[in-house]
Amino acid sequence: MEIKRKMFFLSVITPIICLCSGAILVSGQVNNSTAADADTLEQGKRIYARECSSCHGDRGKGDGPAAIAMVPKPRDLAKVTANKNDDRFFLKISGGASSMPAYKGVLSDIQIRQVIAYIRTLGASSKTAGDRP
Ligand code: HEC
């Protein structure tokens, strides 16, 4: 009896547990859910030019005019966007980080999502330019 129960656990319950944890892992990874349609990107680009490029530079390289004397320097957005998810960026942008101001109250949640969608395109373009290690 006892052995049968163990076999049942191994053959039925274990695969179910594996499938579920797999699904959780996968859903954790596809968290970059901002719908990047043309309108979103256009809005994001405008917000970026107005609010972010003075420090992060036109292409997100961290070489904007306001960043010259800054320590730490704004990171190369083309590189950081590759391995971080939208929620992390959302927290950073709304809450600020070192010399970067907090945008909560300056930009709406939707505007922050739009600018995140836009900075992801900076990463994509630098990748095709062979800019990544
Ligand atoms: C006054 C200069 C300044 C402005 C304006 C600015 N940033 Fe930053 N940003 C920084 C600096 C400096 C860092 C690096 C902070 C650190 O690592 O402590 C940074 C970091 C970041 C990061 C990386 C966070 C991470 O996970 O490593 C993102 C994303 C970002 N900024 C997005 C934006 C966006 C989007 C805007 C415009 C809405 C913006 N920043 C405006 C200075 C600025």
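Visitor: On which residue is the kink in H2 centred?
Guide: This is a predicted model. H2 has a kink of about 50°. The kink is centred on Ala49.

Visitor: What does helix H2 span between its end C-alpha atoms?
Guide: H2 covers residues 38–56. A straight helix of 19 residues would span 27 Å, at 1.5 Å a residue. The end C-alpha atoms of H2 give only 22 Å.

Visitor: Which residue follows H2, and what is its phi?
Guide: The residue after H2 is Gly57. Its phi is positive, near 85°.

Visitor: Is Leu107 buried or partly exposed?
Guide: Leu107 sits in the loop between helix H4 (86–95) and helix H5 (109–128). Burial needs 20 or more C-beta neighbours within 10 Å. Leu107 has 18 inside 10 Å, so it counts as partly exposed.

Visitor: Which residues does Leu107 touch, not counting those up to four places away in sequence?
Guide: Leu107 and Glu51 are 56 residues apart along the chain, with their C-alpha atoms separated by 9.4 Å. The contacts of Leu107, with residues up to four places away left out, are Ile47 and Ile112.

Visitor: Which element has the lowest mean pLDDT?
Guide: The protein averages a pLDDT of 79, and 68% of the residues score at least 70. H2 has the highest mean among the elements, 96. The lowest, 55, belongs to helix H1 (residues 2–29).

Definitions and conventions: Residues are numbered from 1 along each chain as its sequence is written. This is a predicted model: local features need pLDDT of at least 70, side-chain atom pairs count only at pLDDT 80 or more; totals for chains, interfaces and linings use all residues. Helices (H or I, at least four residues) and strands (E, at least two) are DSSP runs, numbered from the N terminus. The expected span of a helix is 1.5 Å times one less than its number of residues. The bend at a residue is the angle between axes fitted to the seven residues ending there and the seven starting there. pLDDT is the predictor's confidence in each residue, from 0 to 100. A residue is buried if 20 or more other C-beta atoms lie within 10 Å of its own, exposed if 12 or fewer, and partly exposed in between; C-beta atoms are placed from the backbone. Two residues are in contact if their C-beta atoms, placed from the backbone, lie within 7 Å.
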